[in-house]
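Subject: Structure for your files

Hello,

Here is the structure I said I would pass on. My notes on it follow below.

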Amino acid sequence: MWPSTTSWLPFLYPPPGSAYVAAMSAVSLVSMANAGLAELRGEHMAYSKFWHVVAGGGNNNKRGGGGGGTGALLMRSRDGMLLAYAPALLAAAASFAVPGAVEGARAQLLSAALAAHFLKRVLEVLFVHRYSGSMPLGTAATISCSYLLSTATMIYAQHLSHDLPDPAVDMLYPGVLVFAVGLAGNFYHHYLLSRLRARTGDGGGDDKGYKIPRGGLFGLVTCPHYLFEILAFFGFAMIAQTLYALAVATGTAAYLAGRSCATRRWYQSKFQEFPARIKALLPYVL
């Protein structure tokens, strides 16, 4: 017998009887939170500006950020990011073709939101972002597997919840709105970053190609694109209202908070004129 909404969280479906989903909820939350703490310790996932830090021996990280150590097999950054995002896009789109996998408006909106998120990512890689240098194949594969697994499991958890009692608090359509705001805000700040690189050049693969970002919320926080990405993931959680989706959103927030703090610290180390008033992720707070 499923727990009633009075004995369970009123904004979540009762947990389904799936050991896999329960285990993945815990693993996703703990692993992402640990990755965020690793970023704070200087053990960076080796992509974007931190690939240069890891490759140059700028920290004592022995795990190499998922394959970023000396001798790692490299690929072009653009190809690596395509590898990171394309499988999750294919999984979300393919879920509509699997009989019985996407049942009801909530499941359809969740799969559509996941597909839209990763389609945006792929289109940004192809047409918006400006890349220089390389990234380790191991890093791209790690990110790809993480996104693919979380996307497939989120859809599966939603499928298992189809016949469960509905949550007492319906957050479906507010979740769509939060997701849309997160998607739009993330794209806008990615666009600002791409315009910055267009004005300064691709950087030739070194730190000199980076400038202090301007415009949007960059005057308040170092990583507004991460802030809006967190909003998008909590939009997923509000649409799904499953424990697994909430665990993924919370873990993502923990990781990106750590990455944001590390990014702010990196800017402070590179630019003496970096404004002290600019926070890492949350305006005036963090």
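Predicted model: local features only at pLDDT ≥ 70, side-chain atom pairs only at ≥ 80, totals over all residues.

Overall layout

Read from the N terminus, the order of elements is α-α-α-β-α-α-β-α-α-α-α. The protein has 286 residues, and 47% of them are buried. Its accessible surface is about 13100 Å², with carbon and sulfur atoms contributing 65% of that. Among contacts with a separation of 6 or more, 78% join residues 24 or more positions apart.

H4 and H6

In one, helix H4 (residues 77-94) meets helix H6 (residues 137-160): their axes come within 8 Å and cross at roughly 15°. Angles under 35 degrees count as roughly parallel, and H4 and H6 are therefore roughly parallel to each other. The crossing of H4 with H6 is right-handed. On the H4 side the contact is made by Gly-80, Leu-83, Ala-84, Tyr-85, Pro-87, Ala-88, Ala-91 and Ala-92, and on the H6 side by Leu-137, Ala-140, Ala-141, Ile-143, Ser-144, Tyr-147, Leu-148, Thr-151 and Ile-155. Sorted by class, this contact has 14 nonpolar and 3 polar residues, and no charged ones.

H5 and H8

In the other pair, helix H5 (residues 104-127) packs with helix H8 (residues 224-240) at an angle of about 160°, and their axes are 9 Å apart. Since angles over 145 degrees count as roughly antiparallel, that is how H5 and H8 are described relative to each other. Their crossing is left-handed. H5 contributes Arg-106, Leu-109, Leu-110, Ala-113, Leu-114, His-117 and Arg-121 to the contact, while H8 contributes Glu-229, Phe-233, Phe-236, Met-238, Ile-239 and Ala-240. By class, the contact of H5 with H8 has 9 nonpolar, 1 polar and 3 charged residues.

Leu-74

Leu-74 and Gly-133 are 59 residues apart along the chain, and their C-alpha atoms are separated by 9.6 Å.

Regards

Conventions. Residues numbered from 1 in each chain as written. Heavy atoms only, no water. Axes fitted to C-alpha atoms, helices over the stretch in contact; angles between N-to-C directions. Helix = DSSP H or I, 4+ residues; strand = E, 2+ residues; numbered from the N terminus. Parallel < 35°, antiparallel > 145°, perpendicular 65-115°, else oblique. Left-handed = near helix turned anticlockwise from the far one by under 90°. Contact = heavy atoms within 4.5 Å. Nonpolar A, V, L, I, M, F, W, Y, C, P; charged D, E, K, R; others polar. Buried < 20%, exposed > 50% of the residue type's maximum accessible area, 1.4 Å probe, protein only. Areas by Shrake-Rupley, 256 points an atom, 1.4 Å probe, with all protein chains shown as cover.
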